[in-house]
Amino acid sequence: MRIRVINPNTTETMTKSIGAVAESAAWPGTSITTVNPDMGPVSIESHYDEALSVPGVLAEIRRAESEGADGYVLACFGDPGLDAARELATGPVLGIAEAAMHTASHLGRGFSVVTTLERTAGRAWDLAERYGMSRFCRGVHGCDIAVLELDQNPRTKNILIEHCRRAALDDGSDVIVLGCAGMAELCWDISSEIGLPVIDGVAAAVNLVQSLVSMGLRKSGRGEFAPPPAKPYVGLLDSFGSSATG
C-alpha cells in the first residue's frame, strides 16, 4: 500500500524527521512518501498559520490522488484541513491529533497532552471535544518551545521529560500524548524516563491508516465527504477551482 504523509508546514528538515518516524512505523509492503507543501507557513503555531497552511495541504492531497496514494496522514497536531482533505481523498485521511488521542484512550483512563506553545492549548482542547475525547483528556500543557526550536534547543528532551512527568502527576493521567509532529522522535526516550505510555501521533496515524487500508476500507463518498462541487475560484486560488478533484 502507498501512504502519503503530509507535513503541513514548509520546513523540509521537519519533513525529514517526520518521514523517519513514519517509515519506522511502516509494515512490510507499505511505501511511505513524506512531503510538505511548497507554499504556506514554515511552522504552524496560530489559527492564522493553520488557515494559510490548508491550500498547500490540499494541493498535496490532489497530487497524491493522481499518483495513486491509498491513504494519508496529516502530520500537524492541529489537524489542519482534515475535513477538506477527506472531501478530496479516496482513501482514509487521519490527523495526528485524532490518531494520538484515540490511541491513548485505549491505554488508560485519562491522558495529558504536552505541546509546544501555551497559546496552542485551546486548539488541542477543541480537538479533544470534537473527537469525543473530552472524557479522557485531563490536561493540555505547553512547554513554551517554538516548533522550529524543538531540534535546535539542546535542552528540548529534558524539558519535555520534565513537562510530561509533571503533567502526568498533576492531572493523574495514565498516558501522555505529544502535541507536535516535531516531538515524534523523542517519544521512546520520554516514555522510558517517565515510565508511562507516550503517544506520538505520526506513528499512531500511520498504523491506523495502514489498518484501514488493509481492511479494504475507503472513505465514504456520500454526504459531507463527497467531492466538493465544481466551481471556479479566482485570484491566487484559481488552480483550486473546477478541476480540484480531477
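User: In this predicted model, how are α4 and α8 oriented to each other?

Analyst: In the predicted model, the axes of α4 (96-105) and helix α8 (residues 201-214) come within 8 Å. They cross at roughly 85°, and angles of 65 to 115 degrees count as roughly perpendicular. The orientation of α4 and α8 is therefore roughly perpendicular.

User: Which residues of α4 and α8 make the contact?

Analyst: The two helices meet where their axes cross at roughly 85°. On the α8 side, the contact is made by Gly201, Val202, Ala204, Ala205 and Leu208. On the α4 side, the residues are Ile96, Ala99, Ala100 and Thr103.

User: How many residues does the contact take from domain 1 and from domain 2?

Analyst: The chain is divided into domain 1 (2-95 + 203-240) and domain 2 (97-200). Their C-alpha centres lie 22 Å apart. The contact takes 27 residues from domain 1 and 29 residues from domain 2.

User: Which residues have the most contacts inside the largest nonpolar core?

Analyst: The largest nonpolar core has 77 residues. This core draws at least three residues from each of domain 1 and domain 2. Those with the most contacts inside the core are Val5, Phe77, Phe111, Ile176, Ile190 and Val202.

User: With which residues is Val5 in contact, leaving aside its neighbours within four places in sequence?

Analyst: Val5 belongs to the residues with the most contacts inside the largest nonpolar core. Leaving aside neighbours within four places in sequence, the contacts of Val5 are Ile18, Ala22, Ile32, Thr33, Thr34, Val35, Val73, Ala75 and Val206.

User: Why are the buried residues of α5 on the same side of the helix?

Analyst: Helix α5 spans residues 121-130, and its buried residues are Ala121, Ala124, Leu127 and Ala128. They lie on the same side of α5 because the arc they cover around the axis is only 120°.

User: Is Thr120 buried or exposed?

Analyst: Thr120 is found in the loop between β5 (111-115) and α5. Leaving aside neighbours within four places in sequence, Thr120 is in contact with Glu45 and Thr115. Its relative accessibility is 16%, and the cut-off is under 20%, so Thr120 counts as buried.

Notes: Residues are numbered from 1 along each chain as its sequence is written. This is a predicted model: local features need pLDDT of at least 70, side-chain atom pairs count only at pLDDT 80 or more; totals for chains, interfaces and linings use all residues. Side-chain values use heavy atoms; hydrogens and water are left out. Buried means under 20% relative accessible area, exposed over 50%, partly exposed in between (1.4 Å probe, protein chains only). Helices (H or I, at least four residues) and strands (E, at least two) are DSSP runs, numbered from the N terminus. The arc is that of the directions from the helix axis to the C-beta atoms. Contact means heavy atoms within 4.5 Å. A nonpolar core is a set of buried Ala, Val, Leu, Ile, Met, Phe, Trp, Tyr and Cys residues joined through side-chain atoms within 4.5 Å. Domain bounds come from an automatic or database domain assignment. Axes are lines fitted to C-alpha atoms, for helices over the stretch in contact, and angles run from 0 to 180 degrees between N-to-C directions. Angles under 35 degrees count as roughly parallel, over 145 as roughly antiparallel, 65 to 115 as roughly perpendicular and the rest as oblique.
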